[in-house]
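Please look over the sequence and the model shown here, and then follow the paragraphs below through a few of their parts.

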Amino acid sequence: IKISKSYKLASRDFHPEDTVIDIKGVRIGGDNLVIMGGPCAVESAAQIDEIARLVKAAGGQVLRGGAFKPRTGPYSFQGVGVEGLQMMREAGEKHGLLTITEVMTPEYVDICAEHADILQVGTRNMQNFDLLRKLGTIQTPVLLKRGFSSTYDEFLNAAEYILAGGNPNVMLCERGIRTFETYTRNTLDLSAIPVLQGLSHLPVISDPSHGTGRRELVEPMAKASVAAGANGLIIEMHTDPDNSMTGDGVQSLFPDQFAGLLKDLERLAPIV
Ligand code: PEP
Ligand code: MN
């Protein structure tokens, strides 16, 4: 395949070995499989504490949860904001989990980095170049989600912005792309996993929750992602998905499904 390769630091030609990002002893990349789980949005201290307990008990290493939510419509719940960062941090510390949360604007990067171990750039912000440039000025690991209509080349160039700024701690996340199919919310592009790992040394994480938008498809696509070589998974899980504050309850696993999936995954690849 012909690829323009306008990126350099993200390229495997430039950096032949897999990048492994070590966060407080949790190694992301290489032969490790990292599991990130939690609600779409932080809703309350009690909610995130209980979900953190369940993520840890199931064998996950990272607690996910958005304090700032990039909603399609301006009247939808936008997240609890800065207080949510504090709630996430407390839950993560209490249960021995790393935390990941989304940052949407350059102005909020520092405060999010003070509270979370990993900063997520959402699909809608993959080409928010001011945000990417700001993330390049810190060392906090970044999980960069693929824009839902972005090519691999555009995706790797977005990663390049962060790397070029001086932050080498970038992981790529395939979260589904827009296709003509409407049964699923997005089409999880499984090919992206081996293709990105060939083109780049950066860890590749799969998001089967946003990648399908349907709870019953999360488990098979999580397993397929691991079989395709993903370095980790980010999965939505909620104790009461039907009453979740974002529309993502329909794709959130129940806690017992999440635990069952992790058990099955242990047979495919050890979670370390
Ligand atoms: C999320 O992780 O809840 C989210 C909003 O993801 P994406 O940016 O992939 O839609
Ligand atoms: Mn979500």
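Why is strand S3 (residues 34–38) largely enclosed by the rest of the structure? Five of the five residues of S3 are buried, so the strand is largely enclosed; strands here are DSSP runs of E with at least two residues, helices are runs of H or I with at least four, and both are numbered from the N terminus. A residue counts as buried if 20 or more other C-beta atoms, placed from the backbone, lie within 10 Å of its own. This is a predicted model, in which local features need pLDDT of at least 70 and side-chain atom pairs count only at pLDDT 80 or more, while totals for chains, interfaces and linings use all residues. Residues are numbered from 1 along each chain as its sequence is written, and chains are lettered from A and ligands numbered from 1 in the order in which they are written.

Within S3, Val34, Met36 and Gly38 point one way, whereas Ile35 and Gly37 point the other way. S3 runs parallel to strand S10 (residues 232–236), to which five bridges join it, and Gly38 has Glu236 as its bridge partner there. With strand S4 (residues 62–64), S3 also pairs in the parallel sense, over two bridges, where pairing requires that DSSP finds at least two bridges between the strands; the partner of Gly37 in S4 is Leu63.

Turning to the ligand, Cys40, Gly66, Pro70, Gly122, Thr123, Arg124, Lys145, Arg175 and His210 surround ligand 1, a residue being near a molecule if its C-beta atom, placed from the backbone, lies within 6 Å of it.

Notes: Buried ≥ 20, exposed ≤ 12 C-beta atoms within 10 Å, placed from the backbone.
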